[in-house]
Amino acid sequence: MSKRVQRTILSDKDIPLPRLARPEEISSYVKKVINASLYDFYESEAFEVNEVILNDATNHGAVMGTFIDSPNQPILGDVVLPLMPHITNIPLIGEHVVVTEYNRQHYYTSIINRKNSPNENSQPGASGIYEKDTKYGKTFQRNTKISRVNVNEGDIVYEGRFGNSIKLGSNPKNQSPNIRIRAGQDTQYDTINIPAKENINKDGSSIYLSTNETIGIFNPNFPNAKVDGNSIVMSSDKLFLNGRDGNINIRASKKLLLEADEVFIHAKKGQTIKMGDPRAPMIPTVNGQKLFELISSLTKVLLGLPKLPTGDPTAAADVAKGTKDIVSQVKNKEFLNTQVVTADPKFKIPEIPPIPPLPDPEAEAAKLAQGVKIPKKPSLDNLKKRTEELLWLRNS
């Protein structure tokens with residue numbers, strides 16, 4: 001694997017010198033001797049892949065093939081394994097990888113960027129063994145429409161072969177950090193050969209983690225929106241959050257907006273749709289249909305009462321039936337909806353004054369060690385004591 005290549009070879013014709021050699025002849029001879037003892041050292045070598053082993057318990061991600069500079073060189077360990085156990089770039093057939101050796105085992109480190117293409121860099125036959133119409137693999141199909149992702153100064157980018165990428169970058173206007181995860185390249189770049197800019201409105205699916213940045217959101221069904229400052233924005237055709245065995249919590253210090261053509265809230269247990277402060281006692285809402293039936297029964301009774309003195313048998317029957325229905329509905333509380341409950345508006349929950357963020361002992365120790373002055377902050381005991389005083393004053 002690692003090898004030395006002699007720069008020059010000193011032949012017998014180069015050795016003899018005349019009996020009385022001139023200084024320049026002696027100098028030339030010495031230089032030739034020195035050069036003949038020098039070698040170029042190669043720690044790694046290019047390797048052409050002709051087989052990829054996938055999902056094997058022992059050789060997962062390993063490759064087979066031929067060394068390009070020395071095709072007859074044997075493969076140590078029988079297969080070339082990926083060097084890194086946690087991050088693996090699976091090569092395609094015909095691509096060239098960098099191979100090195102450790103403890104009598106060959107490993108590949110990365111794919112050689114022959115074409116500067118994120119999709120494939122295959123050049124079959126470079127090792128001298130060429131098969132006509134070489135396939136890249138069993139399922140992989142070349143896609144020349146995939147572009148490199150557009151980058152800014154200082155970005156760190158992980159690019160897949162299929163128009164997917166993770167970019168650890170920044171907003172070039174103010175150097176604020178951001179992370180952009182994208183799956184599905186904007187199709188307008190399918191016809192042009194330039195790096196593709198991420199577009200949260202046109203890429204397939206995106207997650208943006210931004211700081212001090214404005215992100216514009218476009219949806220043809222709603223007004224355009226902008227998200228400013230520190231934000232996490234997800235965009236795709238469909239979003240699905242699935243809490244398989246736990247809770248999903250969504251909080252907002254200001255507004256929580258739900259917008260759609262239809263909004264469904266389905267709770268499977270009674271009194272599980274609650275509106276209002278969760279600390280307050282909950283009271284049921286009104287069942288519209290049952291309330292209508294109660295009012296209808298009450299109306300029949302009220303209309304029949306004036307007719308009772310006349311002895312009208314129909315009015316008496318209506319009053320009797322209506323009274324019975326009213327009693328039943330009120331007794332059973334049928335007009336109440338216990339499926340949807342709301343916080344009791346009469347219950348007043350005391351406001352708790354906000355507690356300032358507590359200091360980070362490690363950060364403050366580091367600042368003190370570096371001579372940074374730290375402003376005085378109230379102790380936790382003082383904060384608790386002051387909070388109790390405020391609550392006592394409010395409730396007294």
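The expected span of a helix is taken as 1.5 Å times one less than its number of residues, where helices (H or I, at least four residues) and strands (E, at least two) are DSSP runs numbered from the N terminus. The model is predicted, so that local features need pLDDT of at least 70 and side-chain atom pairs count only at pLDDT 80 or more, whereas totals for chains, interfaces and linings use all residues. Residues are numbered from 1 along each chain as its sequence is written, and side-chain values use heavy atoms, with hydrogens and water left out.

Helix H2 comprises the 17 residues 288-304, which at 1.5 Å a residue should span 24 Å, and this agrees with the 24 Å between its end C-alpha atoms. Its buried residues (under 20% relative accessible area, with exposed meaning over 50% and partly exposed in between, for a 1.4 Å probe and protein chains only) are Leu294, Ser297, Val301 and Gly304. Because these cover an arc of only 100 degrees around the axis, they lie on the same side of H2, the arc being that of the directions from the helix axis to the C-beta atoms. An α-helix has 3.6 residues a turn, so residues three or four places apart point the same way. The buried residues of H2 pack against helix H3 (313-332), while the face turned away from the buried side carries the exposed residues Phe292, Leu302 and Leu303.

Among the strands, which pair if DSSP finds at least two bridges between them, S3 (residues 45-52) and S6 (residues 96-102) are antiparallel and share four bridges, and Glu48 has His96 in S6 as its bridge partner. S6 is also joined to S7 (residues 105-111) by five bridges, again in the antiparallel sense.

Definitions and conventions:
Contact = heavy atoms within 4.5 Å.
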